[in-house]
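Please read the numbered points below alongside the sequence and the model. They take up the pockets, then a sheet, then a single residue.

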Amino acid sequence: MKMKRATAAITIVALICKQVNAFSTTATTKETNVNFADWIADAPTEITEWKKCQVEGTIPSYVKGTLIRNGGGIWTGEEESYSHIFDGLAKIHAYRINGQEVEHQARFLQGRWYNEYVKKNKQSLPAGIGTGPVLDTNEMPKGGISHTAQVLYDTVVNFDNTPVNIWDFTPHQDTTKKRITAITDAPPRTNIDMNTMDTLSSSTMNSFAHGSKGYELLITAHPLYSQNKNKEDTSVDSYNVAVELGLNGICVNLVKETSDGERTVVTSIKSEDGIPYTHSFGLSKNYAMIVLQPLRLTPAPDKQIEFGFLRSMDHVDHTRVILIELAAGTVVLDKSVDEKVYFYHMISQAEIMEDGDAAVSLRLCAYQNPDQLTGEHQFMRLEKCRKGRHMRNKLHRGGKFCDVTCNVKNQSVKVEWNDEIKQGFELPVTRYSRTFNGEVALSDESNILQAHPRYVYAFGAFALGSIDYDNWGLFKFDMVKNKIDSYYQQDSIYLSEPIFVADPNGDKEDDGVLLSQAYFGHEQETKLLVLDATDMTILACAPTGNTAPLDFHGTWIAD
């Protein structure tokens, strides 16, 4: 049931947050967006106590809880800088919502990595093997024996920077018993106090997983909740995919973790052709699917230091698809295909019966070449993107929908690309992206045991056919009609990953709101937007009086 909006308040919000309802000729031919560079600049200011924001518009009454966003906050020192946006010192931005009251905090995570920066009077950045290289004042990769030795030591001993995502390992518990953790594409974790946003502790590696036979080198920043929770269960299991180096060589492990922190290797698969990199994986009620894109970490540390671990990747000539039955913990399909699929983010996973055979479909936001990840103009390589619009316009236009479908009986893998939807996108979410109580997308068709959601929400650059990368929008994709259902786009408003909050009284998949942290370029201020998920109109806007850089992922924790 939609909430009614106060006419006067919405008029104010509409002036601030105008929505465009059709493809705009202006958007496709002019470059009018301003101050994008501010959005990828250092933001050292912290707000360490809850600060009240003035809400414009009306927030639906069911939206009560805390939104926590994660990303970088500082990339620049006196003598060096981080060259990729993924490597910034971790900074969270939190919003506590209660009725029409919104409170805000912005804080750096106080781990070893950040404290090393503080010890050096905030003049020098700690250096490790990162997404990109550490640059000197001439924007050249730092090198030399001394630097290399320091990088290797700090990476192994001190690295605990976790700027990618926030995960609630206890989603079924009330806020007094929460275990909220900041994570990245590696084992380090940072535990956060749910109420104060204080850093409680940090670690450079995960606790030992039962069944592990080596050193956990990588683990995705996108755990997924088991979709089989019963009401009487005292724990919610989270699954993740890790890469282990050990007695059995290089292995890809599916790991299950309970709310109490007990970790177990469900199954382990050898990788004979190098160390794979995966940022996310698929999970449905009965299966996990791991798609190993055709990229392998180079074993040469000097190359990683010079280019960063992504641009130094080795390339293989196939995509490997692994399907695991969860109940037995057995691999039921392991097949390499010639089709090359590159991606950061999965969207959803479905289960279908085809003539009595189980088929599992993983939907991705994917690319047919590796440029977005490993190319010269990879996503948000800062020493290039900060030089101006002309450099950002060389970036990729965004991912496209790609379905990877496995048939268990005939051991086949089918890759299908959606060429009907032209708008590129990233950071896709659905209503079900973070559900933990067994709620999944269903279908009226008897052969579909678990469906792909109809609606996908994501942000996109080059919005609406624009020639300007800085033209950003939030899009609602209808996957039944294969089109953009609706969108929000406004000049010089730069939007983060949306988070879906469901209306408990709604009966449709899209009944709810989206929460998106947005940077308003004209006003040079970050605001929290609350959008109606049915039509992408603005319901409310909460200015922070602060600046938050481009962030990556986060979570909504309901009261």
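1. About 710 Å³ of space lies in the second largest pocket, where a pocket is an open set of points on a 1 Å grid over the protein atoms alone, fitting a 1.4 Å probe and with protein on both sides within 12 Å along at least five of seven lines. A volume is the space filled by probe spheres set on the points, which are joined across faces, edges and corners. Lining residues have an atom within 4 Å of a point; there are 31 of them here, and R434, T435, F436, W556 and A558 are the closest to the centre.

2. The model is a predicted one, in which local features need pLDDT of at least 70 and side-chain atom pairs count only at pLDDT 80 or more, whereas totals for chains, interfaces and linings use all residues. Residues are numbered from 1 along each chain as its sequence is written, and side-chain values use heavy atoms, with hydrogens and water left out.

3. Two or more residues of the second largest pocket's lining come from each of β8 (165-168), β34 (499-502) and β38, with β38 giving the most, five residues. Strands (E, at least two residues) and helices (H or I, at least four) are DSSP runs numbered from the N terminus. By class, this lining has 16 nonpolar, eight polar and seven charged residues; Ala, Val, Leu, Ile, Met, Phe, Trp, Tyr, Cys and Pro count as nonpolar, Asp, Glu, Lys and Arg as charged, and the others, Gly among them, as polar.

4. The largest pocket holds about 1,100 Å³ of space and is lined by 50 residues, with I129, G130, A186, L218 and F309 nearest its centre. Among the elements giving two or more residues to this lining are β12 (214-219), β24 and β38 (551-558), while α6 supplies the largest share, four residues. The lining divides into 33 nonpolar, 14 polar and three charged residues.

5. An open, antiparallel sheet is formed by five strands in the order β27-β26-β25-β24-β29, pairing being assigned if DSSP finds at least two bridges between two strands. Its edge strands, β27 (412-417) and β29 (448-450), each pair on one side only. Strand β24 (residues 342-354) pairs with β29 over two bridges, and Q450 in β29 is the bridge partner of E351.

6. S81, in strand β4 (residues 81-82), counts as buried because its relative accessibility is 15%, the limit being under 20% with a 1.4 Å probe and protein chains only. Beyond neighbours within four places in sequence, S81 is in contact (heavy atoms within 4.5 Å) with W75, T76, L125, P133, V134 and L135.

Technical notes: Buried means under 20% relative accessible area, exposed over 50%, partly exposed in between (1.4 Å probe, protein chains only).
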